[in-house]
Amino acid sequence: MTTNMTMKRILVIEDEAQVRNNIKRILELEDFFVIAAENGRIGLALAQDTVPDLIICDVMMPEMDGYEVLEALKQNPSTATIPWIFLTAKAEKNDLRQGMELGADDYLTKPFLPGELLKAIATQFAKKAALDRQIQTKLDQLRSSITLSLPHELHTPLNGILGCAEVLIEDYGVMDDAEKLDMLDGIYTSAKRLHRLTKNFLLYAQLELIASNPERMAALRKNRDRAHPRTLVQEVATEIAQQAERTADLTLDLPDLTVQMPDNYLRKIIDEVVDNAFKFSTPGTPVRIVGNLSDRTFSIFVMDQGRGLTPEQLASIGGYMQFDRQLFEQQGVGLGLLIAKRLTELHGGELTLESILNKQTIVRIVLPS
């Protein structure tokens, strides 16, 4: 039997020859391309080589049972998301739970009717199609947001650099040293903004790749580097407050301990969250940073009394998104908070945000201690 690009490929792993051949015939009559394996070891190799669209696998097999095959395939990013249906002669809850915890999508108890098999397959393909549509919609939204906002954000600092450079070139001979220094300062400020934007853009793309790759995520979490929040937060927050000329607005209350995260990642999280707190609150209002240790987790609260967000805006937070840009010409493409959230989650933590419009915003960062 030959296959074509439109046929769905189904791998059947079953050690009983009669059951395996019956399933193969049923599926081929429905125009599926069927790959058959008589035991778990062969099935594992075939799954890795062919990456089928769906796997039907017996639970109890010699040499390598279905649970072991599933667990091995979940470790490989190319096979981790393949829909999986277990075949079993058992229907005990413990067996069902074990398979589901490993990532199985459905169970069929032998013996089963052809209609039951085909319905289970159709259900899994429908779920996969819905998930693919959801992912595509998110990608389209992200692409649209990038298309609309990124050119503007790139042009703004570039225009600053080009404008100041042009003035320097044309009027250099008639400008005094103070005017030249002012133009150079404008170039430097715009270049720093452009540099931060491009670094955030590249970091965001890198973090999304890590989040979608189980191997990369596992490697990241195995890193045993530890950071000291009190020293780091004080250093980062003080620098931001000084740049905003608001050192009197900043208060810090943090215990001395360590968290399981590389120093540079924690620095990035704090930098983005505290920068937002100062950027979106007015001088003379407090920015408080408080730490709390409980149940082997460390929580950092960053609180400001700025303009806040509506519940709808909170629910819509995402990359390349800004709110009320026509009213507030803030810098950046809305990546900072999303980067901080993703970094926190990738290290087994959680970042949440509570806000009351025109009153306050509280960002809570929870990290393993």
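**Strands, helices and selected residues in the predicted model**

Ile13 stands opposite Ala37, a residue of β2. The two strands concerned, β1 and β2 (residues 33-37), run parallel and are joined by five bridges. Strand β1 spans residues 9-13, and four of its five residues are buried, so the strand is largely enclosed by the rest of the structure.

The structure described here is a predicted model. Its mean pLDDT over the chain is 84, and 86% of the residues reach 70 or more. Residues 319-333 have a pLDDT below 50, and in the model this stretch has 50 contacts beyond near neighbours in sequence. Where pLDDT is low, the predicted coordinates should not be read in detail.

An open sheet is formed by five strands, in the order β6-β7-β8-β10-β9, with mixed pairing. Strands β6 and β9 (350-356) lie at the edges, each pairing on one side only. From one strand to the next, the twist averages 15°. Within this sheet, strand β8 (residues 297-304) and strand β10 (residues 360-368) run antiparallel and are joined by eight bridges.

With neighbours within four places in sequence left aside, Ile365 is in contact with Ile269, Ile270, Val273, Phe298, Ser299, Ile300, Thr344, Glu350 and Leu351. The C-alpha atoms of Ile365 and Lys341 are separated by 8.4 Å, although the two residues are 24 residues apart along the chain.

Two packed helices are described by the angle between their axes and the distance between the axes. For helix α6 (residues 177-211) and helix α7 (residues 214-222), the axes come within 6 Å and cross at roughly 105°. In the contact, Leu209, Ile210 and Ala211 of α6 meet Arg216, Met217 and Leu220 of α7. The residues of this contact divide into five nonpolar, no polar and one charged.

Asn200 is likewise placed in helix α6. With a relative accessible area of 7%, Asn200 is buried. Apart from neighbours within four places in sequence, the contacts of Asn200 are with Lys268, Glu272, Leu335 and Ile339.

Ala244 is found in a loop, between α8 (229-243) and β6 (250-253). Its relative accessibility is 34%, so Ala244 counts as partly exposed, a class that lies between the limits of 20% for buried and 50% for exposed. Ala244 and Asp275 are 31 residues apart along the chain, and their C-alpha atoms are separated by 9.3 Å.

Conventions:
Residues numbered from 1 in each chain as written. Predicted model: local features only at pLDDT ≥ 70, side-chain atom pairs only at ≥ 80, totals over all residues. Heavy atoms only, no water. Buried < 20%, exposed > 50% of the residue type's maximum accessible area, 1.4 Å probe, protein only. Pairing = 2+ DSSP bridges. Axes fitted to C-alpha atoms, helices over the stretch in contact; angles between N-to-C directions. pLDDT = per-residue confidence, 0-100. Contact = heavy atoms within 4.5 Å. Nonpolar A, V, L, I, M, F, W, Y, C, P; charged D, E, K, R; others polar.
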